[in-house]
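Here is a short tour of a protein model, written to be read with the structure open beside you.

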Amino acid sequence: STSKKTAEQSLPNKKFDVDNNETKADEKLHRGILIGSLSLVCLIAGSSITMPFQQSRRDALECDTLCWGSMMSTRSTLQLIGSAIIGRMSDSVTFGRKWCLYLGVIACFTGFIISVAFDSLEGMWFSMLPGALMQHNFSVIQALFTDYHDSAASPLHQSASSRAGSAGKLGMCLGLSIMVGPLIGGTIVKSFRQALGFAMFCTFLSGMLVHQLPPPTTLAYKAKKLKTDEKIKRATIVQSMKQFFNVPAARSPACLLLITIRFSMALAFFIYNTIWTVSLKTRFNFGPSDHGKFMSFIGLSYALSQGFVAKRLIQIVGQRRRKYIAMVCCITLGAGRWFAFHTESLICVYCMFFMLVIALGVMNTILTADAGNLAPSSEIGGVFGVLAAVQSGAGMVGPIAGGILANYSKKYDENDSVTAPLFTVVGIYVFVFFLVSFGYDTLTQNTFEDQSQQVKETLLESEKKK
């Protein structure tokens, strides 16, 4: 009887401890999302402050079109390699998310120091390398936000709409950074060296915010650590490398579907971009100031899309019907790009691109939220890294494909260099539309639940061994 009384007395304390842990987990979610978003704002805004001076600097250093194209190809190649490696490093128990974020901040800071120290063409090349290879904080923070949601005690915070809201906040911060950075660089800052000073200060602030990020605690992380502790003594270098690059979730049908969609959309963007800038100059005589205003408008529209429209739209329609939202976004992106290219009214161009950017933001939010459900915490960084890598691969292939298609159009009409690229872009969005309509729901259902069950079984086995 005494033992029963003791057990009954201990029950309220245990319940209080559970409630306290749940509250702490939810507080950690909100605090981590806020600090992570602010860190990304500082990092991207710091880099974008220098954007208004990039063209004049390239002209001063005699970097022609071939030089700039070579730099962009090199950047895309390094981003393709770096995003996959950094994403997998963030999953590692040895490195973790925060160390990868520190690495991205240090890479940006190093690039700015090289730009200050070497005002030459070689310096411009070398300053680009560290950031392209190691600065992938956006995808790492996406994985970190997924960890926070997995650690949350409330089922509401683990829902698809809550994950979409976090992805939307991150996208909104990205859009605001793209809008505010060039605006500050074009109005307040007077020279490239001053812009570099502002950029280094913003990057330092980003690093300080990374230091304040709370660590998430997930079942998948514990399971990964248990497996790592068991294998680390027996593994050879070759075995360690195989384990490092082994991301089973990235080979699942659902993830392969998302990879195909991401690559297709990025490819359409880069093909379209090869003819879009030239058309603005031809139709509306766009200059640097006009381009700056247009980019600020796009940044603001993307921030509105990610921060306000996407989450509310998904909440209204519901998780099961998000496929239809994605299908409407595909139609808007394909048809909108076509009409924006053929109108002679600048107001219509702005209206069309407002709809395009809203659709793009909603589509990216849906894809990011669903990608977070495709893998456990021990693999989610690798998944986001692969998704970023395929977009970098599209950045390598897209401009080349756009140029080939433009030359193909000129064979039939010397004054026409846009028909083939434009038809290709629309055709890609038709392809994505059918991918979403026929395969999206069936492949993305219950994937994460199966993997979560495997993680729990791993933890139970380890407890039995103890």
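## The largest cavity

The largest cavity holds about 120 Å³ of space, and the structure has 2 cavities of 30 Å³ or more. A cavity here is a set of points, on a 1 Å grid over the protein atoms alone, where a 1.4 Å probe fits but cannot get out, and lining residues have an atom within 4 Å of a point. Grid points are joined across faces, edges and corners, and a volume is the space filled by probe spheres set on the points.

This is a predicted model, in which local features need pLDDT of at least 70 and side-chain atom pairs count only at pLDDT 80 or more, while totals for chains, interfaces and linings use all residues. Residues are numbered from 1 along each chain as its sequence is written, and side-chain values use heavy atoms, with hydrogens and water left out.

## What lines it

Helix 6 (137–151), helix 7 (160–187) and helix 14 (346–371) each give at least two residues to the lining of the largest cavity. Helices are DSSP runs (H or I, at least four residues), numbered from the N terminus. Among the lining residues are Q142, H149, R163, T368 and F384.

By class, the lining has 5 nonpolar, 6 polar and 1 charged residues. Ala, Val, Leu, Ile, Met, Phe, Trp, Tyr, Cys and Pro count as nonpolar, Asp, Glu, Lys and Arg as charged, and the others, Gly among them, as polar.

## Helix 4 and its partners

Helix 4 (residues 96–117) packs with helix 5 (residues 121–134) at about 175°, their axes 8 Å apart. Axes are lines fitted to C-alpha atoms, for helices over the stretch in contact, and angles run from 0 to 180 degrees between N-to-C directions. The pair is therefore roughly antiparallel, a label for angles over 145 degrees. Contact (heavy atoms within 4.5 Å) involves residues including G104, A107 and G111 of helix 4 and F126, P130 and M134 of helix 5. No charged residues take part, the classes being 6 nonpolar and 7 polar.

With helix 6, helix 4 crosses at roughly 160°, the axes coming within 10 Å. That makes these two helices roughly antiparallel as well.

## Helix 11 against helix 14

Which residues of helix 11 meet helix 14? They are L258, I261, R262, M265, Y272, W276 and F284.

Definitions and conventions. 1 Å grid on protein atoms, 1.4 Å probe; cavity = no way out; pocket = protein on both sides within 12 Å on 5 of 7 lines; lining within 4 Å. Parallel < 35°, antiparallel > 145°, perpendicular 65-115°, else oblique.
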